[in-house]
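Colleague: Could you take me through the way you read helix packing, charged pairs and aromatic pairs in a model like this one?

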Amino acid sequence: MPKVTEEHRLARREQIVAAARVCMNAEGFHKTTMADVIRESQLSAGAVYGYFKSKEEIVAAIAEDALSTVDELFENLLASDEPLTPLAALEATVDQVVRVAGAPAGDVTRIAVQAWAEALRNEEIREIAKGKYCKLRGHFLVIARRAQADGTLDPDVDPQHVAQVMFSMIPGFVLQRLLIGDVTPATYKAGLRALLRS
């Protein structure tokens, strides 16, 4: 019997995650079942459960995939020797959120908002969300420390506090974009520039 290649395994995993994103965008996080994901993926139940034991594990994979693109973004930001401001990092993050939201398999930010609500009642989802968002906030902490070293941020301010506020700007953008609909990257970045340069 031929061995399954790593490329095949990754493709199957992505097929399942993409199917879950489609289902959760169409039906909502709460209503989507593993049976829905299996049907949408066009794989057998055994194949899907071979990769993910529960919907919560799939949510973790969706979050990991989305945040891995953010990890790359921050690596690129920090690779430059140019002075780095919190404003520049926030603007780049807003642009990245929109790129991730426009992925072919569906808007992951819609799933994120639903997962936030689910996290209030589901301990497993709360732990997944907390871990992922603490990681993102950690990126902003690195940015704040770098900005202090670059002289673009007050050296006396606690960088943890700056990271907390920077992180909060992103869910605010996501919520307004999805629920109110009149917020674009351009309008949000214009507001950030006015606020952070005042």
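Predicted model: local features only at pLDDT ≥ 70, side-chain atom pairs only at ≥ 80, totals over all residues.

Colleague: Let us start with helix packing: at what angle do H1 and H4 pack, and how far apart are their axes?

Modeller: In general, two packed helices are described by the angle between their axes and the distance between the axes. Here H1 and H4 pack at about 100°, and their axes are 10 Å apart; the two helices are therefore roughly perpendicular to each other.

Colleague: Which residues of H1 and H4 meet?

Modeller: From H1 the contact takes in Arg13, Glu14, Ile16, Val17, Ala20, Arg21 and Met24, and on the H4 side these meet Lys55, Ile58, Val59, Ala61, Ile62 and Asp65. Sorted by class, the contact of H1 with H4 has 8 nonpolar and 5 charged residues, with no polar ones.

Colleague: Turning to helix H2, which of its residues are buried, and against which helices do they pack?

Modeller: Helix H2, which covers residues 34-41, has Met34, Asp36, Val37, Ile38 and Ser41 buried. These buried residues pack against helix H1 (6-27), helix H3 (45-51) and H4. The residue that follows H2 is Gln42, and its phi is positive, near 60°.

Colleague: How many salt bridges does a search of the whole structure find, and which residue pairs with Lys135?

Modeller: The search finds 9 salt bridges. Lys135 forms one with Asp71, the closest N and O atoms being 3.0 Å apart. Because Lys135 lies in helix H7 and Asp71 in helix H4, this pair ties together parts that are 64 residues apart in sequence. Lys135 is partly exposed, with a relative accessible area of 36%, while Asp71, at 14% relative accessibility, counts as buried.

Colleague: And where do Arg146 and Asp150 lie?

Modeller: Arg146 and Asp150 both lie in helix H7, at a separation of 4 residues, again about one turn of the helix. Their side chains meet in a salt bridge with an N to O distance of 3.0 Å. Arg146 is buried, having a relative accessible area of 15%, and Asp150 counts as partly exposed at 29% relative accessibility.

Colleague: Now the rings: how many aromatic pairs are there in the whole structure, and why is the pair of Phe74 and Phe140 called edge-to-face?

Modeller: A search of the whole structure finds 4 aromatic pairs. For Phe74 and Phe140 the ring centres are 5.3 Å apart and the planes stand at 90°, so the pair is edge-to-face; the cut-off behind that reading is an angle over 60 degrees between the planes. The pair links distant parts of the chain, since Phe74 belongs to helix H4 (residues 55-79) and Phe140 to helix H7 (residues 123-150), 66 residues apart. Both Phe74 and Phe140 are buried.

Colleague: How far apart are the ring centres of Trp116 and Tyr133?

Modeller: Their centres are 6.3 Å apart, and with the planes at 65° the pair of Trp116 and Tyr133 is edge-to-face. Trp116 lies in helix H6 (residues 108-119) and Tyr133 in helix H7, so the pair ties together parts that are 17 residues apart in sequence. Trp116 counts as partly exposed at 23% relative accessibility, and Tyr133 counts as partly exposed at 24%. Together with Phe167, Trp116 and Tyr133 form one aromatic cluster.

Technical notes
Residues numbered from 1 in each chain as written. Heavy atoms only, no water. Phe/Tyr/Trp six-rings, centres within 6.5 Å; stacked < 30°, edge-to-face > 60°. Buried < 20%, exposed > 50% of the residue type's maximum accessible area, 1.4 Å probe, protein only. Contact = heavy atoms within 4.5 Å. Axes fitted to C-alpha atoms, helices over the stretch in contact; angles between N-to-C directions. Parallel < 35°, antiparallel > 145°, perpendicular 65-115°, else oblique. Nonpolar A, V, L, I, M, F, W, Y, C, P; charged D, E, K, R; others polar. Salt bridge = Lys/Arg side-chain N within 4 Å of Asp/Glu carboxyl O.
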